[in-house]
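Here is a quick tour of one model, written for someone who likes the cut-offs spelled out. Have the viewer open and follow along.

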Amino acid sequence: MKDYLLPAILFMILLLNPGTTNSQGNDYPVRPVPFTAVKLTDNFWAPRIKLNHEVTIPIALKHCYSTGRVDNFLFAAHIKQGEFCTQYPFDDSDIYKIIEGAAYSLQMIPDPKLDAQLDSLIEYIGKAQEPDGYLYTNRTINPEKPHEWAGKERWEMESDLSHELYNVGHLYEAATAHYLATGKRTLLDIAIKSADLHVKVFGPGKLMRSPGHQVIEMGLVKMYRVTGKKEYLDLAKFFIDSRGHNSPHARGEYSQDHLPVTEQTEAVGHAVRATYLYSGMADVAAITNDQAYINALNKIWENLVTKKLYITGGIGAEAGHEGFGPDYELPNMSAYNETCASIGSIFWNYRMFLLSGDSKYFDIVEQTLYNGMVDGVSLTGDHFFYPNPLESMGQHSRSEWFGCACCPSNVCRFIPSVPGYIYGQTDDRIYVNLYLQNSVTVDLKGEKIKLEQVTDFPWKGKVQLKINSAPAKPFELALRIPGYARNEVLPGNLYAFADEIKPEYSIKINGKKADFKLEKGYALLSEKWEKGDVIELELPLETRRVKADERIKADNGKIALMRGPLVYCVEWPDMENKHVLNLVLPTSSKLKTKFKPEMLGGIATVSGAGKSLKKTENGKIEETTVNITAIPYYSWANRGPGEMAVWLPTENKFARPLPPPSLATESKISASVPKNTLVSLRDGLLPETSNDRSVTYYHWWPETNKTQWIQYDFPKPAAISSSSVYWFDDGPFGGCRIPQAWKLYYLDNSGNWKPVETSDYPIKKDKLNTVQFKKVTASAIRLEIQLPAEFSSGLYEWTVE
């Protein structure tokens, strides 16, 4: 097989980056500068890369062993005896993603122990592979009784949920990374055997299946770039073009299978699936010059950034299908914004930059990097967010691991790749896309150019770019001028600055004002550079107020705070009364910034005078002047669960005052299934409908056909005679419906539970369901619910009077 491998000289420019040289000579107009050519020395990303290597990757591997993911390969290989022992048939992919991330990390941080651990895992993977190349542990372990998602035959349910092609797509990405990092062919040979099988099975006149979860498209392109085997590229294009052609069991918009890709104009369905598809389309379009793909991608991108993008860069507002909702439906408390979707968005926008050389795509990359993506992992590197909301009552916290562990393993592989996003190049131009302290060697037409960035970004806006070696011929430096420096929050005008600040940036060469041309958001500097030349870029990092498009109802009457690419939030530990959701930040409040090296790993805080609102028993609003301190959004939830908000009201009428004291608020609350969202049942907030995702709710999903309960224990015995419930119901697509039945029980003075005396328990959607009953004196009340046979239930509010 060695005769068709690319020369070793290409190893380092091929690894992660999509726009690499291939045997056909066609690819992205802008080429990446590989992350292996970049040495980070900054105080933001370099420590995170080190933490990822020392903490995140090891604990992810540990969880793969303890949860049975590794055992699945051992069972399939007949090294051990046992049945498939994890929850999902795509659990194989977590191993592949961690190997990929470890391979990237090994190139920067040599680690013989980790290298040997990868060798062992790869041995297990090879032995689990069937003789013809098929690799899917769930079916191999027990072909007679595979997972219910898998189907009886290979690929029978691929367009639905089997994830057979998804698994091997991540295998291909891991294999190319490992080969180029170590020079070892062990995993690559496994991947080639697998890819060759799929070339034989799928294609025109053969089996037609649209991948149910995209990623194999990107993986096959990487395999093509490494091996030069064009049939891998052709298969990637076949899979992309199979969408919208009624593949058996296809899931329509959910997996972007409702139309042929060239006819799609909106970002719809599952957000991770979508971004992986769009990234694969960009890869194939770059190599084949498929303008129809590019036209479709431009339309989809325009739809997303003008109607469906969060200020944090997060995408995929809805939890039910982990995907895009209707235009401008961007709730904060229930925002899903999966960490994997943020990573997928970075993949896609990076590729769009490589196709076009336009900085607007890097404005999204940078915003997502510093907010929606890095928020997905704790400052200690060992806890993870799956959803990334913009508001919380304390129900959100990072977890050590998940049954569906795609996000932690994705973090493992993404963090080490960050240096590869800093630069790009053409034959006579070097793009500087991100500003973080580093040194780099760029090969420009055979000439070695050494550059060095000196900066304390994102805390300070001053950037020095030093020329440490330069060729005899002139070349062009393209410095990205971020949108915020041009008074633009993000591309698409979904958000705008709400203040009168006019940001200014400046560029100097050797201390003198530079002449430059601004093109596609880049300042172009054409010079015959010499060793010792210094370019100074000063970026404005004032704290800015941001307003949202008025069609985003959740943000009406509110502002968010931004400083450079960093979005800020207010979190409970920084407020004296530990409440955030009742705050008002008037537009007249002056904001101050202070860097605090001892706080949350070193951050710049933003503070200003605001108001804390509370509703009194007679219905009036009581105001208290408070100092509001905001922290970078990525740093929240590192000090325990509690209230948090990105968007802050500017006037009382848009605020959410603390409710007045009530029997419910003064009681201890408990439930058959304890969850942090229990606090929402007495917050005084009623939804507009039973499927209003802007208001927090409590639910028992995935439990069905059971009796469940919630209980208030009163601080002292109280006389009660009525109770109201507002049910949650996310039909027709979600898993919760109004309950089959419900009852109320009270705890009497003798310690006995008794049913209240009433003739009616209403069960209606979209309204309060109130029960009047004979007055009793009780020390506690219990709401007992019978779940439907095939669905779960939930509720927004429960009051007792």
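A salt bridge here is a side-chain nitrogen of Lys or Arg within 4 Å of a carboxyl oxygen of Asp or Glu. Before using that, a word on the ground rules: this is a predicted model, where local features need pLDDT of at least 70 and side-chain atom pairs count only at pLDDT 80 or more, while totals for chains, interfaces and linings use all residues. Residues are numbered from 1 along each chain as its sequence is written, and side-chain values use heavy atoms, with hydrogens and water left out.

**Salt bridges**

The count comes to 43 salt bridges. One network of them links R69, D91, D94 and K97.

| Pair | Closest N and O atoms |
|---|---|
| R154 and D132 | 2.7 Å |
| R486 and D363 | 3.3 Å |
| D748 and K754 | 3.2 Å |

How exposed are these residues? Buried means under 20% relative accessible area, exposed over 50%, and partly exposed in between (1.4 Å probe, protein chains only). Helices (H or I, at least four residues) and strands (E, at least two) are DSSP runs, numbered from the N terminus. In the pair R154 and D132, R154 is partly exposed at 26%, and D132 is partly exposed too, at 35%. D748 counts as buried at 10%, while K754 is partly exposed at 37%.

**Helix α5**

Helix α5 (residues 112-128) has 17 residues, and at 1.5 Å a residue they should span 24 Å; the end C-alpha atoms are 25 Å apart, which agrees. That expected span is 1.5 Å times one less than the number of residues. Which residues of α5 are buried? They are L114, L118, L121, I122, I125 and A128. These cover an arc of only 115 degrees around the axis, which puts them on the same side of α5; the arc is that of the directions from the helix axis to the C-beta atoms. The face turned away from that buried side carries the exposed residues P112 and K113. The buried residues pack against several helices, including α2 (45-66), α4 (92-108) and α7 (164-182).

**Nonpolar cores**

A nonpolar core is a set of buried Ala, Val, Leu, Ile, Met, Phe, Trp, Tyr and Cys residues joined through side-chain atoms within 4.5 Å. The largest one has 220 residues, and W45, I311, L477, Y495, I535 and V646 touch the most other members. Helix α11 (residues 271-288) supplies the largest share of this core, 12 residues. Apart from it lies another core of 29 residues, among them A671, W700, Y746 and V776.

**Two loop residues**

S690 is in the loop between β25 (668-671) and β26 (698-699) and is buried, with a relative accessible area of 1%. Its side chain reaches the backbone oxygen of W727 at 2.9 Å. Contact means heavy atoms within 4.5 Å; leaving aside neighbours within four places in sequence, the contacts of S690 include Y726, F728, K765 and Y796.

F791 is in the loop between β30 (768-786) and β31 (794-800) and is partly exposed at 29%.

Key
A polar contact is a pair of N or O atoms within 3.5 Å; within protein, one must be able to donate a hydrogen and the other to accept it, and residues adjacent in sequence count only if both atoms are side-chain atoms.
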